[in-house]
Amino acid sequence: MTEAIAFDTHRFVKRLTESGFTERQAETLAEEHVALLNANLATKADAAALKTDFAQVEAALKTDIAQVGARIEAVKADLLKWMFGALIAQGGLIVALVKLL
């Protein structure tokens with residue numbers, strides 16, 4: 001497995017031994033640091049996979065937004081139809097009341 005980032009284990013071990021660690025402790029700690037870094041850092045492949053996922057989500061959202069827009073237009077047309085029908089009925093009612101009086 002290739003390392004995700006360059007980590008100078010020799011320098012790390014050298015500094016730890018200078019600080020009082022035994023060589024075995026320093027080497028073990030260096031190995032664990034490398035393993036931790038490699039396990040938790042994102043790679044270029046991870047970033048590419050995220051870009052693909054984001055593109056798919058974006059496409060799905062655009063489709064959903066278009067569907068919602070179409071539904072809003074349909075509701076608006078129905079609402080206008082009912083409003084004009086009510087307006088005509090109200091006008092007819094007013095005309096009928098005026099004729100009766």
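## Salt bridges

Three salt bridges are counted in this predicted model. A salt bridge here is a side-chain nitrogen of Lys or Arg within 4 Å of a carboxyl oxygen of Asp or Glu. Residues are numbered from 1 along each chain as its sequence is written. Local features need pLDDT of at least 70, side-chain atom pairs count only at pLDDT 80 or more, totals for chains, interfaces and linings use all residues, and side-chain values use heavy atoms, with hydrogens and water left out.

Take K62 and E58. Their closest N and O atoms are 3.8 Å apart. The two residues are four apart in helix 3, so about one helical turn separates them. Helices (H or I, at least four residues) are DSSP runs, numbered from the N terminus. K62 counts as exposed because its relative accessible area is 55%. E58 has 45%, so E58 is partly exposed. The cut-offs are these: buried is under 20% relative accessible area, exposed is over 50%, and partly exposed is in between (1.4 Å probe, protein chains only).

E73 and K76 form a salt bridge with an N to O distance of 3.6 Å. They are three residues apart in helix 3, so about one helical turn lies between them. E73 is partly exposed because its relative accessibility is 47%. K76 is partly exposed at 44%.

D78 and K81 also form a salt bridge, at 4.0 Å from N to O. Three residues apart in helix 3, D78 and K81 are separated by about one helical turn. Which class does D78 fall into, buried, partly exposed or exposed? D78 has a relative accessible area of 39%, so D78 is partly exposed. K81 reaches 56% and therefore counts as exposed.

## Surface patches

Patches are made of residues with over 30% relative accessible area and no salt bridge; like charges are joined within 9 Å, and nonpolar side chains (Val, Leu, Ile, Met, Phe, Trp, Tyr) within 5 Å. Accessible areas come from the Shrake-Rupley method with a 1.4 Å probe, and for residues only the protein chains shown count as cover. L79, L80, M83, F84 and L87 make a nonpolar surface patch of about 520 Å². L79 lies in helix 3, which covers residues 44-100.

A negative patch is formed by E23, E27, E31 and E32. Asp and Glu count as negative, Lys and Arg as positive, while His and the chain ends are not counted. The place of a charge is NZ of Lys, CZ of Arg, CG of Asp or CD of Glu. E27 sits in helix 2, residues 23-40. E27 is partly exposed because its relative accessibility is 37%.

## The aromatic pair

How many aromatic pairs does a search of the whole structure find? It finds one. F7 and F12 form this pair, which is tilted: the centres are 5.3 Å apart and the planes are at 55°. Rings of Phe, Tyr and Trp (its six-membered ring) pair if their centres lie within 6.5 Å; planes under 30 degrees apart are stacked, over 60 edge-to-face, and the rest tilted.

F7 has 22% relative accessibility, so F7 is partly exposed. F12 is partly exposed too, at 21%.

T9 lies in helix 1, residues 9-18. T9 is partly exposed because its relative accessibility is 31%. T9 and A30 are 21 residues apart along the chain. Their C-alpha atoms are separated by 5.8 Å.
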